[in-house]
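Please view the structure below before reading on.

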There are 2 protein chains.
Amino acid sequence: MKLSTVASGSRDGRLVVVSRDHARAALADGIAATLQEALECWTDVEGALRDLATEVDAGTAPGLAPQSAWQFLAPLPRAWQWLDGSAFESHGALMAKVFKMDPAPRDRPLMYQGMSDRFYAATEKVPFVTEADGIDFEGEFGVIVDEVPLGCGPHEAAAHIRLVVQINDWSLRNLAPIEMRTGFGWVQAKPACSMAPVAVTPDELGAAWRDGRVDLPLEVYWNGALFGRANGHAMSFSFPELVAHAARTRSLCAGTIIGSGTVSNPNYRDVGSSCIAERRGIEILDEGKAWTAFMSFGDRVRMEARSDSGQPLFGAIDQQVVRART
Amino acid sequence: MKLSTVASGSRDGRLVVVSRDHARAALADGIAATLQEALECWTDVEGALRDLATEVDAGTAPGLAPQSAWQFLAPLPRAWQWLDGSAFESHGALMAKVFKMDPAPRDRPLMYQGMSDRFYAATEKVPFVTEADGIDFEGEFGVIVDEVPLGCGPHEAAAHIRLVVQINDWSLRNLAPIEMRTGFGWVQAKPACSMAPVAVTPDELGAAWRDGRVDLPLEVYWNGALFGRANGHAMSFSFPELVAHAARTRSLCAGTIIGSGTVSNPNYRDVGSSCIAERRGIEILDEGKAWTAFMSFGDRVRMEARSDSGQPLFGAIDQQVVRART
């Protein structure tokens, strides 16, 4: 099943069910007004949503309209909680080496609490104050859970993963090390993220939902040129393990989004990277100096993961960086 | 003006206006259903809320009922954003010395993004998984803003501070250093906070709202014994400066809560502390060893700041720590 959110004049938009080929969508009228509402009573509404999805794919759903009739927002235009992991060891190890930091602990995932009151739509222009902050993208996968009880283990956590999403975790690299050194984590270095338009249930991924991970390449294009196509399976900790880590001392509210961290593979020299910082890190290791600059105003980034047969899954993030008006 | 939120069966409760002496309250019916709603259109509703406050104090407001008739929640039972500073230098310097960390930068405040999907009511029991995590309180002041534009400076930020609140930032001290070392900040070490029942407009503090700070002692009692009465004025950065720091790379949504960090004074040996970690730090410096243990299940903590004339301001946080059922 594929769900999305369309503009409605309210901050949370309205929930739609999207056809498998993304050609059409219908409002989930009478089932749940918003995705947040659906997640708060998931087991009550999932059946009705799946029935509607069948009708959407058959072309018989009431109010069915072509994709072009809707203005898609992020599946959750705002969320009560966003916790982002950093589960790809090849990325973490490279960054630690370049920045001469202690290697990350291996017995627990890395995770930070990020701003959640806004997620940009996939094609929205993204404003930044200054290029001097080091504007970078981070291509990620993520999951959305319904309510997860305190102390939930990974096995039980897996059952609370209701949706899989694709995220661009915007990062300001010249602010990040200043904030990391304090131990307090990032505030200024991590403004709002963007989300691809379609959230899918794990079963929609078929065999590509493997070991609690997304076994698909995430294709990242910067200004039209392929920048990376790392596979999402290489996580050291699975999504259920990330969810359980987060739930160790708190229950997770329905609609909590948990991210994988920037997708990275050990053979990054072959498959490329999902963020500029990683490419710069490779350059520093190989050539003693980073020569790839961060993003400029006007630059575009496109991120998409398709199924093995080339079918769309989450839709594409395709956006432009612009100068903020302050 | 004093605002609070009462239980209504919904997650956000309902907005009430509270009398200056806390004896009575009335629903803000027809003005705003919830505090979040009021904050989203503050300049439109502030006049009507202040008119109602006058009627509440005069005893003429419709639906006025005694304090005992209401079940008070946190003013914001959940918020879209919670950013906590650490603005008391005496606390930060002590902690850095004890834990042999680099001293904090002086040119920018420390701040972390905390979980915001739940704030405990002031008298709610607070569940934790295990005493072995090192359960600690942190008495703080905080402010709630309406929408703050990206790049907003401290002067402009001051005008967006609509309410002042009193917070207990629950902390798990044995998890904190593990998470700090990663540079990613706290997730497991910072579960949900608690909030005193009454949020006040800055003018309600009179002369005690001074230099964008709360110039009042925060009295902290642990199991009935006075533990600290440090004054809130000793912040190295004012609340407007904390708000501006947060808004450097993001606009702040209405209802964002910004905390001071644990209240601390340079003469902590005389006035005591607002968290156990600070007292343990003093013991380590003075005696080479911390002999004060963290909290046990069944322990209580009470925190209250009163006006110079002894009038209630935010009401008290008075809660018990209990073992979570997992």
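## The second largest pocket

In this predicted model, 49 residues line the second largest pocket, and those nearest its centre are Arg118(B), Phe119(B), Tyr120(B), Ala121(B) and Glu124(B). Two or more lining residues come from each of the following elements: α1 (35-40) of chain A, and β7 (119-120), β8 (126-128) and β20 (300-304) of chain B.

The pocket holds about 1,000 Å³ of space. By residue class, its lining consists of 25 nonpolar, 11 polar and 13 charged residues. Rolling a probe the size of a water molecule over the atoms shows where empty space is left.

## Contact between chain A and chain B

The contact between the chains involves 46 residues of chain A and 46 residues of chain B. About 4,500 Å² is buried between chain A and chain B, and carbon and sulfur atoms account for 58% of that area. Within chain A, the residues that lose the most area to chain B are Trp80(A), Phe184(A) and Gln188(A), which together make up 20% of what that side buries.

Between chain A and chain B there are 14 residue pairs in polar contact, counting pairs with both residues at pLDDT 80 or more. On the side of chain A that touches chain B, β6 (111-114) and α5 (176-181) each contribute at least two residues. The largest share of that side, 4 residues, belongs to β6(A). In terms of residue class, the side of chain A that touches chain B comprises 20 nonpolar, 14 polar and 12 charged residues.

## Salt bridges

Over all chains, the whole structure contains 46 salt bridges. Between chain A and chain B, the count is 6 salt bridges. Side chains of opposite charge can pair when their charged atoms come close.

Which residue of chain B forms a salt bridge with Glu40(A) at 3.6 Å, N to O? The partner is Arg11(B), whose side chain meets that of Glu40(A) at this distance. Glu40(A) belongs to helix α1 of chain A, while Arg11(B) lies in the loop between β1 (2-6) and β2 (14-18) of chain B, so the pair joins two chains. The side chain of Glu40(A) also meets that of Arg78(B) in a salt bridge, with an N to O distance of 3.8 Å.

Conventions: Residues numbered from 1 in each chain as written. Chains lettered and ligands numbered in written order. Predicted model: local features only at pLDDT ≥ 70, side-chain atom pairs only at ≥ 80, totals over all residues. Heavy atoms only, no water. 1 Å grid on protein atoms, 1.4 Å probe; cavity = no way out; pocket = protein on both sides within 12 Å on 5 of 7 lines; lining within 4 Å. Points joined across faces, edges and corners; volume = space filled by probe spheres on them. Nonpolar A, V, L, I, M, F, W, Y, C, P; charged D, E, K, R; others polar. Contact = heavy atoms within 4.5 Å. Buried area = accessible area lost by both parts, 1.4 Å probe. Salt bridge = Lys/Arg side-chain N within 4 Å of Asp/Glu carboxyl O. Polar contact = N/O pair within 3.5 Å; in protein donor to acceptor, adjacent residues only side chain to side chain.
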